[in-house]
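Have a look at the picture below, then read on.

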Protein chains: 2
Amino acid sequence: MTSYWNDFSGIPEALEEVSGIIRSSSASKNPIISNGLTALFDGKGKLLRPGLFLIAAQFGKIRAKHYKLAAALEMLHMATLIHDDVIDDSPLRRGFPAVHTRFGKRDAVLIGDYLLSRCFRITAEYTSPRNALNLARLISIICTMEIEQNNDRFRNNISLRSYLRKIMGKSALLFSLACYAGAHEAKAPREVCERLRRIGYNIGIAFQIIDDILDYTGNQDTVRKSLGNDITAGLVTLPVLCALPLDNTGTLRDIFSRTVFTAEEGALIFDLVLRSGGAEAAGKYAESYTNRALREIGVLPPGKNRDMLETLTLRLLVRER
Amino acid sequence: MTSYWNDFSGIPEALEEVSGIIRSSSASKNPIISNGLTALFDGKGKLLRPGLFLIAAQFGKIRAKHYKLAAALEMLHMATLIHDDVIDDSPLRRGFPAVHTRFGKRDAVLIGDYLLSRCFRITAEYTSPRNALNLARLISIICTMEIEQNNDRFRNNISLRSYLRKIMGKSALLFSLACYAGAHEAKAPREVCERLRRIGYNIGIAFQIIDDILDYTGNQDTVRKSLGNDITAGLVTLPVLCALPLDNTGTLRDIFSRTVFTAEEGALIFDLVLRSGGAEAAGKYAESYTNRALREIGVLPPGKNRDMLETLTLRLLVRER
């Protein structure tokens, strides 16, 4: 799970501790809960959000309780993954059967709720009321954006702005909170906290754009889920928006001149996005947000943490695409 | 909504304020969220949990923030109702189409998550960390018990103990928290807080037993949902457990001698429970928990609050059955 971080001094050990906390915090005598969660932990997630939290915390004075809060962030992330997979009917997650594939949608909804409550339990115990509030507010926004995304399925009138708003809610806010709350809980100087908030935000937006691109161009083994899921589910993401002006056949524009599109047209859109270069054009946006993050990282106090944050950003958003 | 409380001095006004807080706390620019929640609010819930919280708080010194916490309890309850209806596929709730009937299961899961996060937001802002922790812990238990209940569908090996454990998680803990946290937040004496915790617990168990009985014997107009839902969904509740030794035909015992029962046998069980008097026998259990609550209420400090609690208990658990 932590091999992604092997060359980050101290982080693999810290994330091992975080993993232990996740395991013990979500341990339950109920075999469905513990089996469901174990399957998800063994899915070799990168623990990106706890990793970012801990790097950010090292800009201040890191303490034992910060490992608990890092674990809570991952648990929140996992809860949203479980509910997302129920909502999207995705059979796989991290290369393994999704929780609802194994235990049914009923239990998957409840296991997600369970994780959410465990996450709140940790924040109620170890965080400042302000950061607990931030976390709760964040979840409200995540839900609202997901509902908006559902509501826009198979609709064409998606603007770039509305797309960005949705991925902000989906990914960027949690990355942003991870960076900000890490620094804030560790009492880093205020301007460092605020800069880290922006860095997390830009990393998060770029990360989600790349995720949306990989649904078109990914290597199925690396991505560990099937391709074309988004458009099959009626989700118009950045590669589609970028393909619209690039498609010479006019077919895409034709489909999009109507209010809604059908599932069959979805398959056609997938091909047209690839042929017209929509994925590459979307890549430019990811690059731009990555560069914003890198510029802000460059003005952080120099040292080991800044270097780690830069390495992570390059690894996550540039090298491994 | 508050007509249930008309003869409780001061409570209807207080609950109007609570309703206002629920409305504004769950207000969203997203039309699906606000329509979904408005439909649920207009479903004329009795606001039992906030009512209990406020009566309990009057054993101490009630303050403005207590109305917010009372609202948070109802929001938590609503979130579990929304997820429950998704899980149980129940088309109606409070006599109106359930949230998932109107907006689909996807949005219903998310609207439930949204309400849950709003509830945590209020507790993070207004409660003691200890009560926030209690709330989070409670939700973990609610989820675990629901999963256990799911897992036991169409199974016969349900003991009375396992049934009571599940309804504790389903209802009694939230009633118990409402009574305890109300008194505790309002700084009532410790022994009053503890007594109120037990009162809430006993009221909650009796309340859930009666709810389970009404699924067999209820007047469909009063109950505002269709009868026989539980056994159709494979849930073995107290009326079934009580009917087992009472059924002279031996059919029930015969069905239960195998490990699982079928949906068709479920319909047969429904009839056998009614004919053998299983519902009446279950009523004796409800009576016993009601009496425990009434005995504890009798030892509370005398006055208006004690009288209200007694009136409520009798109304809820005795008169209106």
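## Two domains, two chains

The centres of domain 1 of chain A and domain 2 of chain A, taken over C-alpha atoms, are 22 Å apart. Domain 1 covers 1-126 and domain 2 covers 153-321 of chain A, with bounds that come from an automatic or database domain assignment. Before going further: this is a predicted model, where local features need pLDDT of at least 70, side-chain atom pairs count only at pLDDT 80 or more, and totals for chains, interfaces and linings use all residues. Residues are numbered from 1 along each chain as its sequence is written, while chains are lettered from A and ligands numbered from 1 in the order in which they are written.

So what do the two domains share? Their contact takes 23 residues from domain 1 of chain A and 23 residues from domain 2 of chain A, where two residues are in contact if their C-beta atoms, placed from the backbone, lie within 7 Å. On the domain 1 side, the elements giving two or more residues are α3 (48-57) and α4 (64-88) of chain A. Helices here are DSSP runs (H or I, at least four residues), numbered from the N terminus. The largest share of that side, 7 residues, comes from α3(A). By class, the domain 1 side has 12 nonpolar, 7 polar and 4 charged residues. In this scheme Ala, Val, Leu, Ile, Met, Phe, Trp, Tyr, Cys and Pro count as nonpolar, Asp, Glu, Lys and Arg as charged, and the others, Gly among them, as polar.

## How the chains meet

Now for the two chains: 34 residues of chain B are in contact with 34 residues of chain A. On the chain B side, two or more residues come from each of α2 (31-41), α4 (65-88), α5 (99-126) and α6 (129-151) of chain B. Which of these helices gives the largest share to the side that touches chain A? That's α6(B), with 14 residues. The chain B side divides into 17 nonpolar, 8 polar and 9 charged residues.

How are the copies related? The same surface serves both copies, as 100% of the contact residues of chain B recur in chain A.

## A helix and a core

Let's zoom in on α4(B). This helix has 24 residues and reaches 35 Å from its first C-alpha to its last, close to the 34 Å expected at 1.5 Å a residue (the expected span is 1.5 Å times one less than the number of residues). Since 20 of its 24 residues are buried, α4(B) is largely enclosed by the rest of the structure. Buried means 20 or more other C-beta atoms within 10 Å of a residue's own, exposed means 12 or fewer, and partly exposed is in between, with C-beta atoms placed from the backbone. Just after α4(B), B:Asp89 takes a positive phi of about 60°.

The largest nonpolar core has 223 residues, and A:Ala183, A:Ile209, B:Ala183 and B:Ile209 touch the most other members. A nonpolar core is a set of buried Ala, Val, Leu, Ile, Met, Phe, Trp, Tyr and Cys residues joined through C-beta atoms within 7 Å. Not counting residues up to four places away in sequence, B:Ile209 touches B:Ile167, B:Leu238, B:Ala282, B:Tyr285, B:Ala286 and B:Tyr289.

## A few single residues

| Residue | C-beta neighbours within 10 Å | Class |
|---|---|---|
| A:Ile22 | 28 | buried |
| B:Ser276 | 22 | buried |
| A:Lys187 | 13 | partly exposed |

A:Ile22 lies in helix α1 (residues 11-25) of chain A. Leaving out residues up to four places away in sequence, A:Ile22 touches A:Phe41, A:Ala71, A:Glu74 and A:Met75.

A:Lys187 sits in the loop between α7 (160-185) and α8 (190-217) of chain A, and its phi is near 60°, a positive value in a residue other than glycine. B:Leu47 lies in the loop between α2 and α3 (48-57) of chain B, and it has a positive phi of about 55° although it is not a glycine.
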